[in-house]
Amino acid sequence: MNMERVYKTMGRAGAGSIAAGIIIATVGLTVGIVSIVTGALLLKRKSEIEF
């Protein structure tokens, strides 16, 4: 009976790790894309800045 609990706990931990990995990858990709777009816009409008 004790090994069954260990087996279920390992299954939940594995599923949780996979879910966390997918969420982290998605957030990282989104932040990377936003950073690239923002940087491109700044470089494009660089000539419009006057001091």
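Visitor: Why is Glu4 called partly exposed?

Guide: Glu4 has a relative accessible area of 42%. Buried means under 20%, exposed over 50%, and partly exposed in between (1.4 Å probe, protein chains only), so Glu4 counts as partly exposed. A word on the source: this is a predicted model, where local features need pLDDT of at least 70 and side-chain atom pairs count only at pLDDT 80 or more, while totals for chains, interfaces and linings use all residues. Residues are numbered from 1 along each chain as its sequence is written, and side-chain values use heavy atoms, with hydrogens and water left out.

Visitor: What makes the contact between Lys8 and Glu4 a salt bridge?

Guide: The N to O distance between their side chains is 3.5 Å. A salt bridge needs a side-chain nitrogen of Lys or Arg within 4 Å of a carboxyl oxygen of Asp or Glu, so this pair qualifies. The structure holds one salt bridge. Both residues lie in helix H1, four residues apart, about one turn of the helix. Lys8 is partly exposed too, with a relative accessible area of 44%.

Visitor: What makes Leu29, Ile33, Val37 and Leu41 a nonpolar patch?

Guide: Patches are made of residues with over 30% relative accessible area and no salt bridge; like charges are joined within 9 Å, nonpolar side chains (Val, Leu, Ile, Met, Phe, Trp, Tyr) within 5 Å. Ile33, one of the four, has a relative accessible area of 49%, so Ile33 passes the 30% cut-off. Together the four have about 370 Å² of accessible area, by the Shrake-Rupley method with a 1.4 Å probe, where for residues only the protein chains shown count as cover.

Visitor: Where does the UniProt record place a transmembrane region?

Guide: The unreviewed entry puts this annotation on residues 20-43. In the model, that span is 100% helix, with its end C-alpha atoms 35 Å apart.

How values were computed:
UniProt positions renumbered as here; feature names shortened; annotations may be inferred. Helix = DSSP H or I, 4+ residues; strand = E, 2+ residues; numbered from the N terminus.
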